[in-house]
Amino acid sequence: MNFWVFCEMKQDELGNDYPAYGIAWEGGEQADISDDEAFVYKLASLLYEEQVQPCHIQNVIEDCLAAGCLPV
């Protein structure tokens with residue numbers, strides 16, 4: 001399965017614009033994962049390399065965000 005990173009501009013509570021990066025895949029997407037572009041690209045690469053199935057994608061994203069880093 002392929003994964004794509006996309007960016008949307010969002011506004012914080014003070015009205016400041018910031019980039020919000022998400023990941024899309026065939027049949028789904030998770031928007032606004034992080035404003036750290038490199039982190040989201042690495043996460044998408046991990047999902048691709050491990051061929052994570054759609055039913056597990058949310059858990060992998062949540063685990064990586066909670067840990068603040070990607071597994072090596």
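User: How do you know that the structure has zero disulfides?

Analyst: In this predicted model, a search of the whole structure finds zero disulfides. Take C55: the closest cysteine sulfur to its own is in C64, 16 Å away. A disulfide needs two cysteine sulfur atoms within 2.5 Å, so the sulfurs of C55 and C64 are too far apart for a bond.

User: Is C55 buried or exposed, and what makes it so?

Analyst: The relative accessible area of C55 is 61%. Exposed means over 50%, so C55 is exposed.

User: What about C64, buried or exposed?

Analyst: C64 has a relative accessible area of 5%. The limit for buried is under 20%, and therefore C64 is buried.

User: Why is the contact of K10 and E8 called a salt bridge?

Analyst: The two side chains meet at 3.9 Å, N to O. The cut-off is within 4 Å, between a side-chain nitrogen of Lys or Arg and a carboxyl oxygen of Asp or Glu, so the contact of K10 and E8 counts. One salt bridge is found in the whole structure.

User: Why are K10 and E8 called partly exposed?

Analyst: K10 has a relative accessible area of 29%, and E8 has 32%.

User: Which residues gather in a patch of negative charge, and where?

Analyst: D32, D35, D36 and E37 gather in this patch, on the surface. One of them, D32, is in strand β3, residues 28-34. A patch residue needs over 30% relative accessible area; D32 has 35%, so it passes that limit and counts as partly exposed.

Methods
Residues are numbered from 1 along each chain as its sequence is written. This is a predicted model: local features need pLDDT of at least 70, side-chain atom pairs count only at pLDDT 80 or more; totals for chains, interfaces and linings use all residues. Side-chain values use heavy atoms; hydrogens and water are left out. Patches are made of residues with over 30% relative accessible area and no salt bridge: like charges are joined within 9 Å, nonpolar side chains (Val, Leu, Ile, Met, Phe, Trp, Tyr) within 5 Å. Accessible areas come from the Shrake-Rupley method with a 1.4 Å probe; for residues, only the protein chains shown count as cover. Lys and Arg count as positive and Asp and Glu as negative; His and the chain ends are not counted. The place of a charge is taken as NZ of Lys, CZ of Arg, CG of Asp or CD of Glu. Helices (H or I, at least four residues) and strands (E, at least two) are DSSP runs, numbered from the N terminus. Buried means under 20% relative accessible area, exposed over 50%, partly exposed in between (1.4 Å probe, protein chains only).
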